[in-house]
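Please keep the sequence and the structure in view while reading.

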Amino acid sequence: MPPAAASNLGYTPPDGGWGWAVVFGAFISVGFSYAFPKSLTIYYKEIQEYFSVSYSEIAWVSSVMLASMYAGGPVSSTLVNRYGSRPVVMVGGVMVCTGMLLASFGTSIIHLYLCVGVIGGFGLAFNLQPAVTIIGTYFQAKRPLANGLAMTGSPVVLFTLAPLNQFLFDSFGWRGSFLILGSITLNCCVAGSLMRPVNKNIQPKPKTELPECNGVEEAATADTIAQTDDLLSEETQNESSSQSCMQKFVDFSLFRHRGFLIYLIGNVVMFFGFFAPVVFLAPYAKHQGIDEYSAAFLLSIFALSDMFIRPTTGLIGNTKWIRPRIQYFFSFAVSYSGVCHLLCPLASGYLGLAVYAVFFGLGFGMVSALLFEVLMDLVGAHRFSTAVGLVTIIECGPVLLGPPLSGALVDIFGDYKYMYFACGVFMLTPGIFFFIMNYYNYKKLDEEQRESVAVKMRTSEEAVQLKMSQDDKTAHETNG
């Protein structure tokens, strides 16, 4: 399999061992981070009637929670850089539990915004960023597979929570359910305990031990290892001489990185339509007269499809055909999701919605499995922690506004189809943008690589000629 871009970590990631336990911990953390806000939609209709609020107002609960999760990215990244992933994840689990416990005593929708949205959202931020960051420290060659397995936690947890939430609501009401859910989220603390810091004294493996590599791949790996020390020393000198205290945590030079800007611009547009279709899937089914358990089961169908495709996406992304151009794979996944949303209004009845849930789950799973992998592919593992913090703080805007704006379309037109049309456009447009701009980026990278190789060859030739000239001069003086 082709190696990733040089990680500049200063050590060779183990690509296994305790790393798989870390992946399991990330599986749990990522699962709660992404699935928990979606699973709460089961309670929306009842909470909406209890507090007498509109579709748009109730959508703000998940929206504020997701936005807080993204807005807490830089804070989480800073804490990870300072204290490591393990304590940050454990604190996050306690915060989510506290938010849900306080929400169970809520007396207004504003109370839910603050407890579930803000406190719970920041707790999820302390689960998400450390989980995806620590994988990059344990894996390099198998990183797409490890990321795909970790991101599978979201559909697995959603598949479990969707029917569980309906059962809890029928048995204990939404207040009692929130109390129980708060205790369940303490499992994030267990996940955090698995995230042991990587042993950075691991020696590079000899080339003879590299499995199933052809000559070209061995050469690429050798070049990567040989250049790591030089790159590290150069980076250390630059950081110590030019970075302020603030810049150690926020790398603003990323805004001059071509690939990072392409990723950021496309994702900002994409997130306006990314979460709303999931948030409104169960309410849409109930709006069509489908019973509550069947509506909740649509989320389970969605989660099953999502669950299947995420590790599959990791395996496909790790192949020698896809890995070198994995950005195109991400572009396809985003475009595919947009087409699914545009076709959703054509689905009629429960069977139609079930088919939509299957195809939507495939698209959502592909995008989610690749979301952080493609960013790490662009900026490298050594800058990923800062990059993901910057991305999430900027993306919190569309994450916050997406579901309420979609809910407003439902309030205005009294029909969900316009909401799905809008989400389809918000997904398909950046998908096309990614295809075009990634083609341009890959072309420029190839040109820059060829120029770099040409400069090195020219420098080598000049050095050889200079050496020969000096030898000739020395020989001439000796003979004279």
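L40, Y43, Y44, I47, I58, V61, L112, V116 and F178 line the largest cavity, where a cavity is, on a 1 Å grid over the protein atoms alone, a set of points where a 1.4 Å probe fits but cannot get out, and lining residues have an atom within 4 Å of a point. Two or more residues of this lining come from each of helix 2 (44-51), helix 3 (55-71) and helix 6 (109-138), helices being DSSP runs (H or I, at least four residues) numbered from the N terminus. The lining has nine nonpolar residues and no polar or charged ones, with Ala, Val, Leu, Ile, Met, Phe, Trp, Tyr, Cys and Pro counted as nonpolar, Asp, Glu, Lys and Arg as charged, and the others, Gly among them, as polar. The volume of this cavity is about 50 Å³, and the whole structure has three cavities of 30 Å³ or more; a volume is the space filled by probe spheres set on the grid points, which are joined across faces, edges and corners.

The model is predicted, so local features need pLDDT of at least 70 and side-chain atom pairs count only at pLDDT 80 or more, while totals for chains, interfaces and linings use all residues. Residues are numbered from 1 along each chain as its sequence is written, and side-chain values use heavy atoms, with hydrogens and water left out.

F178 touches L40, Y43, I47, M100, A103, S104, L112 and V116, leaving aside residues up to four places away in sequence; a contact means heavy atoms within 4.5 Å. Y34, L112 and F178 touch the most other members of the largest nonpolar core, which has 128 residues, such a core being a set of buried Ala, Val, Leu, Ile, Met, Phe, Trp, Tyr and Cys residues joined through side-chain atoms within 4.5 Å. Helix 16 (residues 349-379) gives this core its largest share, 17 residues.

The protein has 18 helices and zero strands, and 51% of its 480 residues count as buried, that is, under 20% relative accessible area, against over 50% for exposed and in between for partly exposed (1.4 Å probe, protein chains only).

Note on methods. On a 1 Å grid over the protein atoms alone, a cavity is a set of points where a 1.4 Å probe fits but cannot get out, and a pocket is an open set with protein on both sides within 12 Å along at least five of seven lines; lining residues have an atom within 4 Å of a point.
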